[in-house]
Amino acid sequence: MVTTEQVWEALAEIPDPEIPVISLVDLGVIRDVGVENGSVRVEFTPTFLGCPALEVMRDAMAERIRALGAEPEIVVRTDDSWSTDRITPQGREKLRESGFAPPAPREASAPTLVQLQSNVFRCPYCGSTDTRLENIFGPTPCRSLRYCSSCKQPFEQFKTI
Amino acid sequence: MNESEARSLLEIADDELILGWRDSEWTGIAPLLEEDVAFSSIAQNEIGHARALYELLARERGITADELAFDRSPEEYRCSRLVELRLLDWEKTVARQYLYEEADAKRLAELMQSSDPEISGLAAKIDREETYHRMHAQMWFDRLKDEPRFTAAIEELRPLLDAGREEHTSELGELWDEMTMVRRSQPAGTAW
């Protein structure tokens with residue numbers, strides 16, 4: 001009989017389809033795992049509702065659970081109880097190592113343009129805070145584009161959500 | 001979900017779907033590369049919001065989100081005139097974005113007070129994503145607010161914000177033809 005721990009271990013091996021250096025577990029998007037009578041229920045929240053990787057993630061989770069000999073039920077939770085603050089410390093480190101600046105903490109109020117345009121965001125390559133916002137939007141909904149004036153390198157910033 | 005909430009959710013879902021399509025028309029032809037990226041990303045978000053809203057509504061009706069999104073006739077959509085217009089004019093596009101985000105923030109704030117936790121939770125998630133659209137719209141508003149062509153566009157489009165939900169222009173029909181072309185070309189019961 002499959003255990004909750006085995007399911008978490010299996011899910012920890014699934015890379016994020018768009019940022020494969022980080023797993024779904026490190027990304028913090030898996031909210032809950034429940035095992036009952038040979039079936040496994042997983043609840044997860046997409047970073048952004050329009051995330052094109054949603055189906056890929058759902059299918060990958062279902063496949064891993066079937067491989068454990070259990071019947072999967074994948075539930076997408078679309079409320080606001082998930083935030084980028086749930087990315088694990090290891091996940092944040094993996095993002096930084098591969099050139100993505102991790103998200104700033106979610107604060108009581110929504111982020112503002114003034115905050116994004118400020119240069120408190122650290123370059124993941126050289127560590128300088130002499131960086132500027134190039135575009136609120138990037139190659140996927142969860143990323144912004146920034147430029148480091150110190151090492152002259154563009155980089156992607158994970159959005160706070 | 002009561003009737004008034006269902007009507008409101010359908011209006012928002014239709015607005016987001018149709019605006020998402022209109023925004024995507026800037027992919028590759030925006031006046032700045034950064035705006036190609038921005039409008040493509042905004043379009044993707046809007047269609048993601050539409051999908052989540054259609055899923056809630058479709059479940060109540062016992063159909064799928066795709067059936068609700070695409071298997072209605074154009075006159076059954078409840079989107080506003082503002083979003084259905086095909087705008088290939090930058091000032092008007094930015095004016096539409098600004099007006100839409102301002103109005104959208106108000107109705108999302110209302111939905112966030114819903115006693116149905118699924119509705120209030122989804123509205124809060126959507127609102128948090130829309131924060132980035134509002135920043136983008138505000139940035140362009142601040143940049144163009146003294147340009148007469150922009151202020152004229154704002155005045156021209158403002159009355160369309162909540163207009164035309166029951167009666168649509170031929171532009172929506174043309175968009176619908178494109179949007180549903182592949183789906184309609186397949187026999188009923190096709191497994192997608």
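Figure 1. Of the 40 residues in the largest nonpolar core, the ones touching the most other members are A13(B), L17(B), I18(B) and A50(B). Here a nonpolar core means a set of buried Ala, Val, Leu, Ile, Met, Phe, Trp, Tyr and Cys residues joined through C-beta atoms within 7 Å. A residue is buried if 20 or more other C-beta atoms lie within 10 Å of its own, exposed if 12 or fewer, and partly exposed in between, with C-beta atoms placed from the backbone. At least two residues of this core come from each of α1 (3–24), α2 (33–61), α3 (65–70), α4 (81–84), α5 (90–111), α6 (117–144), α7 (148–157) and α8 (170–184) of chain B. Helices (H or I, at least four residues) and strands (E, at least two) are DSSP runs, numbered from the N terminus. The largest share of the core, 8 residues, is supplied by α2(B).

Before you go on, please note that this is a predicted model: local features need pLDDT of at least 70, side-chain atom pairs count only at pLDDT 80 or more, and totals for chains, interfaces and linings use all residues. Residues are numbered from 1 along each chain as its sequence is written, while chains are lettered from A and ligands numbered from 1 in the order in which they are written.

Figure 2. Which residues touch A50(B), leaving aside its neighbours within four places in sequence? They are A13(B), E16(B), L17(B), G20(B) and A69(B). Two residues are in contact if their C-beta atoms, placed from the backbone, lie within 7 Å. Another core, of 36 residues, lies apart from the largest one, and its members include V29(A), F44(A), M57(A) and F155(A).

**Figure 3. Chain B, built from helices.** Chain B has 8 helices and 0 strands, and along the sequence its pattern reads α-α-α-α-α-α-α-α. Its radius of gyration is 17 Å, close to the 16 Å that the globule rule gives for 192 residues, so chain B is as compact as a globular protein of that length. The radius of gyration is taken over C-alpha atoms, and the globule rule is 2.2 Å times the number of residues to the power 0.38. Along its principal axes, the C-alpha trace of chain B spans about 50 × 40 × 30 Å. Of the 192 residues in chain B, 37% are buried. Among contacts in chain B with a separation of 6 or more, 70% are between residues 24 or more positions apart.

**Figure 4. Where chain B touches chain A.** How many residues does each chain bring to the contact? Chain B brings 24 residues and chain A brings 18 residues. On the chain B side, α2 and α6 each supply at least two residues, and α6(B) gives the most, with 13 residues. Sorted by class, this side of chain B has 11 nonpolar, 9 polar and 4 charged residues. In this sorting, Ala, Val, Leu, Ile, Met, Phe, Trp, Tyr, Cys and Pro count as nonpolar, Asp, Glu, Lys and Arg as charged, and the others, Gly among them, as polar.

Figure 5. Chain A has 5 helices and 7 strands, running from the N terminus as α-α-β-β-α-β-α-β-α-β-β-β. Its C-alpha atoms fill a box of roughly 55 × 30 × 25 Å along the principal axes. The domain assignment of chain A gives domain 1 (4–76) and domain 2 (100–158), with bounds that come from an automatic or database domain assignment. The centres of the two domains, taken over C-alpha atoms, are separated by 28 Å. Across the boundary, 6 residues of domain 1 of chain A are in contact with 4 residues of domain 2 of chain A. The domain 1 side of that contact divides into 3 nonpolar, 2 polar and 1 charged.

**Figure 6. The four-stranded sheet of chain A.** Strands of a sheet pair through backbone hydrogen bonds, either parallel or antiparallel. This open sheet has 4 strands in the order β4-β7-β6-β5 (chain A), with mixed pairing. Two strands pair if DSSP finds at least two bridges between them. The edge strands, each pairing on one side only, are β4 and β5 (131–135) of chain A. Strand β4 (residues 100–101) of chain A pairs with strand β7 (residues 153–158) of chain A in the parallel sense over 2 bridges, and A101(A) stands opposite Q157(A) in β7(A). β5(A) and β6(A) pair in the antiparallel sense over 4 bridges, with T131(A) opposite C148(A) in β6(A).

**Figure 7. The hairpin of β6(A) and β7(A).** Strand β6 (residues 143–148) of chain A pairs with β7(A) in the antiparallel sense over 6 bridges. Opposite R143(A) stands F158(A) in β7(A). The hairpin has 4 residues between its strands, and K152(A) in the turn has a positive phi of about 55°.
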